[in-house]
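I am opening a notebook on this structure.

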Amino acid sequence: MIDEHARWRPDDRLRPYVAWCVGYRQAGAPPIAHRGLPSPWLTMIVTLDEPLVIARHPDPRQPASKHDFLLGGLHTAPALVTHDGRQSGIQLALTPLGARALLGMPAAELASIDVEAADVLGRLAGEIRERVRAAPDWDSRFAVLEEFLSGRLGAAQTPGGLTPRPEVRYAWDRLRQSHGAVSVADLAAETGWSARHLGEQFRAETGLSPKAAARVVRFDRARRRLLLRQAEGGRVVLAELAVECGYYDQAHLARDFRDLAGCPPSALLAEELRNVQAALQGDWE
C-alpha cells in the first residue's frame, strides 16, 4: 500500500493565479470512481505514473478520455473520474482571471471541457511533465511547477499582454468575497454596467454567467465546510450549514447539491472522505 500526499503553497507572486496545489500518490487502494465537482477554480493536473481517466465529463457530449497533463475549465455539473487502485499526480487550482496570464487564453475557452495541456501549451506541456516526473521528491516537483508558472507569468506581463476587464475582475472578486451572496443587480450597479452587458462580458471571460458563478462559489464553500466539519468530528446539521453558507433554507442547499454534484450532501460526504485530493484541500480561503 502506497499513500503519499503533500501540499504546496504558492509564493506571493503566484497567489493571485494559483489558489492551492496538492500532490498525491496511491497504490493498492480499492478501485474507485469519484466526482470532479464544480468549483471556482480551473483544474490543472500533471500525472506522475498512470494517466487520469475521466469516464464522464461535465459536458456529456465530450467522450470519455485519458490525460497525462489535464486542463479543465469552470463547470456546473460533475465529472466522473475513475482509477483501478492507483493514482498519482499534482493537482493545481487556477484562478479563472489568471487564465490569460498562465494559459494565454480566457478561462471561457475551457468552460465545461477537459483537454490535454499540449493542446494549449504545445510542446512545453510534455517537457514540464517529464521534468516533474524526473524530480526525486515532492519539493523538487513543486519547484519545477513554480518555475514553469512563474515563467508563464513573466511572459504575460510583457508589453501587450492581455488582462481581464477591470469591471469583470471586480465582479469576480465581489462574488468570491461575498461567498456568492451578492446579487447580479448589485454587481451591475457597482460596475456601472447594465446587468446584460455585465453578463455578456463576465461569461466571455470566465465561461459562466454571474448567477451561475455565484451558485458555484456558494456550493464550493458549503461542500468544503461540510467535509471539514466531518473530518473534525463535529456534528453536521444541514439546516445550520445552509444558513451559514447563504442558502434560503436546507431545501435550497439540497437542491444545489443535487444539481451541481448530482447527489445529496450525505452521499457526497461519504464519497469525498475517500478522495485524497478532496481531503487535502481543506479550507484555504
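This is a predicted model: local features need pLDDT of at least 70, side-chain atom pairs count only at pLDDT 80 or more; totals for chains, interfaces and linings use all residues.

Residues are numbered from 1 along each chain as its sequence is written, and side-chain values use heavy atoms, with hydrogens and water left out.

Next I asked which residues touch the most other members of the largest nonpolar core. They are Leu92 and Leu103, in a core of 51 residues. Helix α4 (residues 138-156) gives the most to this core, 7 residues. I also found a second, separate core of 16 residues, with Phe219, Tyr247, Leu253 and Phe257 among them.

My terms: a nonpolar core is a set of buried Ala, Val, Leu, Ile, Met, Phe, Trp, Tyr and Cys residues joined through side-chain atoms within 4.5 Å. Buried means under 20% relative accessible area, with a 1.4 Å probe and protein chains only. Helices (H or I, at least four residues) and strands (E, at least two) are DSSP runs, numbered from the N terminus.

**Cysteines**

I counted 0 disulfides, taking a disulfide as a pair of cysteine sulfur atoms within 2.5 Å. Cys245 is buried at 3% relative accessibility. Cys21 is buried too, at 0%.

I used a 1 Å grid over the protein atoms alone: a cavity is a set of points where a 1.4 Å probe fits but cannot get out, a pocket is an open set with protein on both sides within 12 Å along at least five of seven lines, and lining residues have an atom within 4 Å of a point.

The second largest pocket has a volume of about 320 Å³. Its lining has 14 residues, with Lys211, Ala214, Arg218, Tyr248 and His252 nearest the centre. The largest share, 5 residues, comes from α8.

There are 3 cavities of 30 Å³ or more. The second largest cavity has a volume of about 100 Å³. Tyr24, Pro51, Leu52, Gln87 and Ser88 are the closest to its centre. β8 gives the most to that lining, 3 residues.

Technical notes: Grid points are joined across faces, edges and corners, and a volume is the space filled by probe spheres set on the points. Buried means under 20% relative accessible area, exposed over 50%, partly exposed in between (1.4 Å probe, protein chains only).
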